Amino acid sequence: MTLVRQIALISAGCQPWNLNVVDSTGSRFAYAATLAIYIYEWDPEGNQFYLHSIMSEHKKTISAIAWNLKDKDILASSSVDFKICVWHVTKRKLLASLNTPHAIPALMSWFPSDEDCLAYCDGKGPLCLWKYTEKNGREGPVSHPLKEISAVSSTITQISWHRTAPGRLALGHADGTISLYLQGKKPQLHVKLGGGSTFTDAGSVSWLLWDPFSQNYLLICTTNGRLQLIDSSTDVASVITTYSLPSKAVTIKCAAWLTEAPGAFVTGAFKTKA
């Protein structure tokens, strides 16, 4: 008799094709299925997570979710139905929504300088800001493009604001380059980080994240299994160190800094953690 052993689990409906469909805050985490968001909360008595609530409003595939940086009850979601929603998790209530007829909000992130403001884009630019608590009368909710960040020559794959150092934004691109917008400095657009004069098989930027203990260090992951630590304090962003995974079969999906261990981080592949 052959024993069957479970080696992995993808929860029902969870999307492996979109990057920003899992997020966490405090004792809660959420993931987006195609048309609904499943929110789980840690139960210290039962020593396990339980299903807290299910949010469903979008009519087409959810493209991204993001917890508010300060309020653990506020969760935002975007969808290819040209719509962004802001939810109150405990009340299980839709607080506000924004129609984005000119752009499918493929990427979304809370703006650190204003806890009620969301940044989003369709991957091509520009990057837009929406303050969901504002009332705009008959016009309804509106957003405003950031003039400093207009159309780009390569699709934006990731947005990363520095959470503790205002005015620091990094964009990752499909061609493996990054763009840096640092307050008080000239923007660095499509910086190549492959090293040398050639830039082949760079891999798309799958994740980038500012070091919470440094205003200058940025961690970059690419789809071809490369990790790079970048120093943004120089006139042109420079590579501090590079690490390539030994197997091309492993693709880095995401990364997170460990706040209890400065300088340490973990990465996740499509199927396993690294």
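## Strands side by side

Let's start with two neighbours: strand β10 (residues 117–121) and strand β11 (residues 128–131) run antiparallel and are joined by four bridges. Strands here are DSSP runs of E with at least two residues, helices are runs of H or I with at least four, and both are numbered from the N terminus. Two strands pair if DSSP finds at least two bridges between them. This is a predicted model, where local features need pLDDT of at least 70 and side-chain atom pairs count only at pLDDT 80 or more, while totals for chains, interfaces and linings use all residues. Residues are numbered from 1 along each chain as its sequence is written, and side-chain values use heavy atoms, with hydrogens and water left out.

Which residue in β11 is the bridge partner of Tyr-120? That's Cys-128. The hairpin of β10 and β11 has six residues between the strands, and Gly-123 takes a positive phi near 100° there. β11 also pairs with strand β12 (residues 144–145), again in the antiparallel sense, over two bridges. On that side, Cys-128 stands opposite Pro-145.

## The whole chain

Now zoom out. The protein chain has 22 strands and zero helices. Of its 274 residues, 46% count as buried, meaning under 20% relative accessible area, with exposed over 50% and partly exposed in between (1.4 Å probe, protein chains only). Take the contacts (heavy atoms within 4.5 Å) between residues at least 6 apart in sequence: 40% of them join residues at least 24 apart.

## Aromatic rings

How many aromatic pairs does the structure hold? There are nine. Rings of Phe, Tyr and Trp (its six-membered ring) pair if their centres lie within 6.5 Å; planes under 30 degrees apart are stacked, over 60 edge-to-face, and the rest tilted. Phe-29 and Tyr-40 are a stacked pair, at 5.2 Å centre to centre with 5° between the planes. Phe-29 belongs to strand β2 (residues 28–32) and Tyr-40 to strand β3 (residues 37–43), so this pair links parts of the chain 11 residues apart. Phe-29 counts as partly exposed because its relative accessibility is 26%.

Trp-42 and Phe-49 make an edge-to-face pair, with 5.0 Å centre to centre and 70° between the planes. Trp-42 has a relative accessible area of 33%, so Trp-42 is partly exposed. Phe-49, at 39% relative accessibility, counts as partly exposed too.

## Two loop residues

Lys-91 is in the loop between β7 (83–88) and β8 (93–99). Is Lys-91 buried or exposed? Lys-91 counts as exposed because its relative accessibility is 59%. Its C-alpha atom is 8.5 Å from that of Asp-73, 18 residues apart along the chain.

Ser-56 is in the loop between β4 (48–55) and β5 (62–67). Leaving aside residues up to four places away in sequence, Ser-56 touches Leu-35, Ala-36 and Trp-87.

β14 (168–173) and β15 (178–182) are the elements that give two or more residues to the lining.
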